[in-house]
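Subject: Structure for you to look at, with notes

Dear colleague,

I am passing on the structure below, and I would be grateful if you could look through it alongside the notes that follow.

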Amino acid sequence: MIPYHRAAVTLRKASSVIVCGHVRPDGDAVGSVLGMTLALRAAGIPAVPTLADDRPAPSTYAFLPGYSLYVAAADLATPDVFVALDTPVAERLGEARPLMESAGSVVVFDHHPGAVHYGAHCVCDPAMAATGQIVWEFLQALEVTPTVEIALPLYVALLTDTGRFSYDNTSAEAFRAAAQMLEAGVDAAQVARLVYQERTAGSLELEARALSRLTLANNGRVAWTFLTDEDFVETGALPEEGEHLPDAIRVLGGVDVVMLLRQRGSEVRGNLRAKTGADVGVIAQGFGGGGHRAAAGFTVAPGAVPDVALQVLAKLPGGE
């Protein structure tokens, strides 16, 4: 049983709440945090969103209601209740982890398989397509009527974590939740334009560089490429503008998995996307990362792209 009611009771008693997602937040992390914050405020619960990183939230999502409410973790005092969203392990709370560890109580909402239960209440369901979908279901227990301001960030969470409703985590339940969000006032066409069709010239040049290095491996079953810090500097693209690049590679026909590696200083960040049922979440876990069957990530530190590519390709379809 998913303990929606117990989590709602804890939050209703809270005198202060901090809401946070994982480091390097994606659409689900940003959307679920903002949707939850606005829902808690609608219920009369004082809530503040914060970030696990010491840098601003991705500008890609600056159009979302509540985006201006973010407060840096370093500027916040210990809360009565800390809400962790889309974060399966406490380590991924980054700069906000001390706030979680000193909070009076911790409530975790997550949909990752194998999530570690580090909170007093874990509202976790791997059957959900996105953490934003769990937050949407939670609104009923919180006795909050969804407004368009609450529904919009949660729709973005669902849209991005299902790869625009194309990954194999796209379920009938996900579509039903999305339909309810549209009924609450979300404009699906406008959201698609703002998330996917407002790219900068630097972003397009970055994609061109990634595609120019595209390599087929494992007898054609895997397509992979890489980017470096210099690519971002030279193109002027922001880090968040690389979030959707794996999906640009994923359109290539005939492959089972695509991989994007990014050299970040002395570490390598990897993103995996599956097309034909391979469980890339399990493969990412083998490299200290995590995610879902269709979309996952990992970080190898220290590491170099050529070495990491060889190690990961050996674990992907057609390897070894």
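Strand β3, helix α3 (residues 97-102) and strand β4 together make a right-handed β-α-β unit, where right-handed means that, with the strands pointing away from the viewer, the path from the first strand over the helix to the second runs clockwise. Helices (H or I, at least four residues) and strands (E, at least two) are DSSP runs, numbered from the N terminus. This is a predicted model, in which local features need pLDDT of at least 70 and side-chain atom pairs count only at pLDDT 80 or more, while totals for chains, interfaces and linings use all residues. Residues are numbered from 1 along each chain as its sequence is written, and side-chain values use heavy atoms, with hydrogens and water left out.

Within that unit, β3 (residues 81-85) and β4 run parallel and are joined by five bridges, two strands being counted as paired if DSSP finds at least two bridges between them; Phe82 has Val106 as its bridge partner in β4. Strand β4 is also joined to β5 (residues 121-124), again in parallel, by four bridges, and here the partner of Val107 is His121. Six of the six residues of β4 (residues 105-110) are buried, that is, under 20% relative accessible area, with exposed meaning over 50% and partly exposed in between (1.4 Å probe, protein chains only). Ser105, Val107 and Phe109 point one way from the strand, while Val106, Val108 and Asp110 point the other way.

Just after α4, Glu143 takes a positive phi of about 60 degrees.

Val17, for its part, stands opposite Ala47 in β2, and four bridges join β1 (residues 17-20) to β2 (residues 47-50), which run parallel. These two strands and helix α2 (residues 27-42) make a right-handed β-α-β unit.

Elsewhere there is an open sheet of six strands, in the order β6-β7-β8-β9-β11-β10 and with mixed pairing, whose edge strands are β6 (215-217) and β10 (290-291), each pairing on one side only. Strands β9 (residues 267-274) and β11 (residues 295-300) pair in the antiparallel sense over six bridges, and Asn271 stands opposite Gly297 in β11.

Finally, is Glu240 buried or exposed? With a relative accessible area of 10%, Glu240 is buried, although it lies in the loop between α9 (229-235) and α10 (245-250). Not counting residues up to four places away in sequence, Glu240 touches Arg55, Ala57, Pro58, Ser59 and Thr60.

With best wishes

How values were computed:
Contact means heavy atoms within 4.5 Å.
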